[in-house]
Every structure is written in structure tokens, then in C-alpha cells.
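Me: Can you walk me through this one? I'd like to take it piece by piece.

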Amino acid sequence: MKIKPKHLLYFLFVLIIIFLVVTTGFMQYWFMDYKDEKYWSYNNGIISGSESKIYIGTSGECWVLVHGYTLTPAEMNELAEQIHKKFKDTIYIPRLDGHGQVPSELEKYSIEHWYNQIEKLAQENNCQYLVGSSMGASLVLKYAEEHNPKKIVMLGTLIKPEPDYLPMTKLIPILQPIIKYTKKSEPGASIFDIEARRDHISVYNFPLKPV
């Protein structure tokens with residue numbers, strides 16, 4: 001039996017809708033926070049273990065360690081402990097606003113807001129060393145351009161935001177009101193080791209608005 005072109009189009013359309021429903025928040029805006037509310041233990045609206053952290057040192061030097069988007073200070077704890085142990089420096093690991101909470105809280109903020117948060121902390125404490133992971137690396141790089149600290153370290157730095165054939169910076173603002181968020185199969189960073197994932201607190205859903 002020969003399949004008519006219009007039937008094939010209908011079939012493809014249905015497949016696309018199914019794909020969007022399964023992998024994104026398409027037509028499911030109200031479920032953005034559902035899995036995280038069930039999975040995590042919260043203290044005053046913040047996931048336990050994702051709070052800001054400070055290691056007080058005696059050297060007179062200080063660092064700011066900046067986590068990535070949808071992640072929390074927990075991903076920087078091990079690095080902070082090693083720096084503090086070796087150099088006796090003071091280490092600040094701020095929780096960027098909206099992070100370590102339900103995913104919808106992230107929609108209230110922008111990268112400009114998070115940059116201002118880092119800038120204020122580093123300036124108030126005269127921190128000359130900054131480390132950033134993923135989105136945090138971009139914040140640290142901007143800080144270095146504007147304030148010329150002694151050293152910066154960038155981990156998982158975004159080198160190129162999009163392939164030439166997929167202009168995501170143009171597509172995301174168009175698709176975001178419809179798709180809202182993308183889904184992850186489980187919380188935590190993209191780490192296969194279960195024990196390691198527990199140290200990288202992150203939410204199930206990835207809101208697109210701040211992106």
C-alpha cells in the first residue's frame with residue numbers, strides 16, 4: 001500500500017509532538033517543579049546541601065568559585081577544600097540566585113543579575129582569584145575583563161555557543177515561550193558515576209528563559 005504524502009506529513013507531525021512532550025516542557029508548563037519537589041529535601045526553599053559556603057583562611061588572599069547553570073556550590077566543594085588546605089586562602093562559593101531551588105525560580109533571574117552578584121562579592125572582599133565552571137566561566141571571564149584580577153581559572157568553558165547549521169541564539173528566544181524547559185532523565189550533573197552525581201546537586205528540568 002502506497003503511503004500518501006499528506007499522511008506521511010501527519011505522521012511526522014505526531015512524532016515531533018511526542019518528542020517535544022517527552023523531552024521538553026511543551027504543553028507541560030505546570031510540571032516544571034514537580035519532580036524536584038518530590039526528589040529533594042528543602043530547607044527554607046533551598047535544596048539541602050546547595051547553600052553558599054565559605055572557607056575562612058589566614059593567608060590574606062581570597063577566591064570566588066562560581067558554579068554552572070542549574071548547578072550549585074556543591075560542585076565546587078572538593079576544589080575549595082584543596083585550595084584552602086594548600087594555600088590557607090579564604091574561599092567563597094556563592095549560590096547564584098535561583099539555583100538550588102525549584103527550576104521555576106531560575107526564570108526570575110538573568111546572567112546579568114548573576115554577574116552582578118559575583119562582581120559584588122569579589123569586590124567587597126578584594127578577591128583576586130576566581131574560578132568558574134561552565135556558565136560560571138563566562139561570568140569569571142567578564143569579571144577579568146572589567147577588573148583585572150591576579151588569576152582566573154575557567155572550567156568547561158563555552159567556546160562556541162552554536163554550530164553553524166543550528167543558530168541556537170536565534171532559535172531559543174523564539175522557542176522558549178512554547179517549550180519552556182528541557183528535561184533530564186535524573187537530577188545531578190552529566191556524570192555517570194552515581195556517587196559523584198550526589199556531589200553535583202542539580203535540578204531535573206533546565207529552564208530556557210535565562211539561556
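**The cysteine pair and beyond**

Reply: Cysteine 62 and cysteine 127 are both buried. Keep in mind that this is a predicted model.

Me: How far apart are the sulfur atoms of cysteine 62 and cysteine 127?
Reply: They are 1.9 Å apart, and the two cysteines form a disulfide.

Me: What is a disulfide, again?
Reply: It is a covalent bond between the sulfur atoms of two cysteines.

Me: How many disulfides does a search of the whole structure find?
Reply: It finds 1.

Me: What parts does the pair tie together?
Reply: Cysteine 62 is in strand S4, and cysteine 127 is in the loop between H4 and S6, so the link joins parts 65 residues apart in sequence.

Me: Is that disulfide left-handed or right-handed, and why?
Reply: Left-handed, because the torsion about the S-S bond is about -115 degrees.

Me: OK, new topic. How long should helix H4 be?
Reply: H4 has 14 residues, 111-124. At 1.5 Å a residue, the helix should span 20 Å. Its end C-alpha atoms are 20 Å apart, so the two values agree.

Me: Which residues of H4 are buried?
Reply: Trp114, Tyr115, Gln117, Ile118, Glu119, Leu121 and Ala122.

Me: Some of those numbers are three or four apart. Why would that matter in an α-helix?
Reply: An α-helix has 3.6 residues a turn, so residues three or four places apart point the same way.

Me: And what covers the buried residues of H4?
Reply: The cover includes strands S4 (62-66), S5 (90-93) and S6 (129-133), plus helix H5 (135-147).

Me: What comes after H4?
Reply: Asparagine 126 follows H4, and its phi is positive, near 50 degrees.

Me: Which residues other than glycine also have positive phi?
Reply: Asparagine 44 is one of them, with phi near 55 degrees. Threonine 70 is another, with phi near 70 degrees.

Me: Where are asparagine 44 and threonine 70 found?
Reply: Both are in loops. Asparagine 44 is between strand S1 (42-43) and strand S2 (46-47). Threonine 70 is between S4 and helix H3 (77-87).

Me: Buried or exposed?
Reply: Asparagine 44 is exposed, with a relative accessible area of 75%. Threonine 70 is buried, at 5%.

Me: Last topic. Which residues make the nonpolar surface patch?
Reply: Leu8, Leu9, Phe11, Leu12, Phe13, Val14, Leu15, Ile18, Val21 and Val22 make a patch of about 930 Å².

Me: Where is valine 22?
Reply: In helix H1, residues 5-23. Valine 22 is exposed, with a relative accessible area of 55%.

Note on methods:
Residues numbered from 1 in each chain as written. Predicted model: local features only at pLDDT ≥ 70, side-chain atom pairs only at ≥ 80, totals over all residues. Heavy atoms only, no water. Helix = DSSP H or I, 4+ residues; strand = E, 2+ residues; numbered from the N terminus. Expected span 1.5 Å × (residues − 1). Buried < 20%, exposed > 50% of the residue type's maximum accessible area, 1.4 Å probe, protein only. Contact = heavy atoms within 4.5 Å. Disulfide = S-S within 2.5 Å. Patch = residues over 30% accessible without salt bridge, like charges linked within 9 Å, V, L, I, M, F, W, Y side chains within 5 Å. Areas by Shrake-Rupley, 256 points an atom, 1.4 Å probe, with all protein chains shown as cover. Salt bridge = Lys/Arg side-chain N within 4 Å of Asp/Glu carboxyl O.
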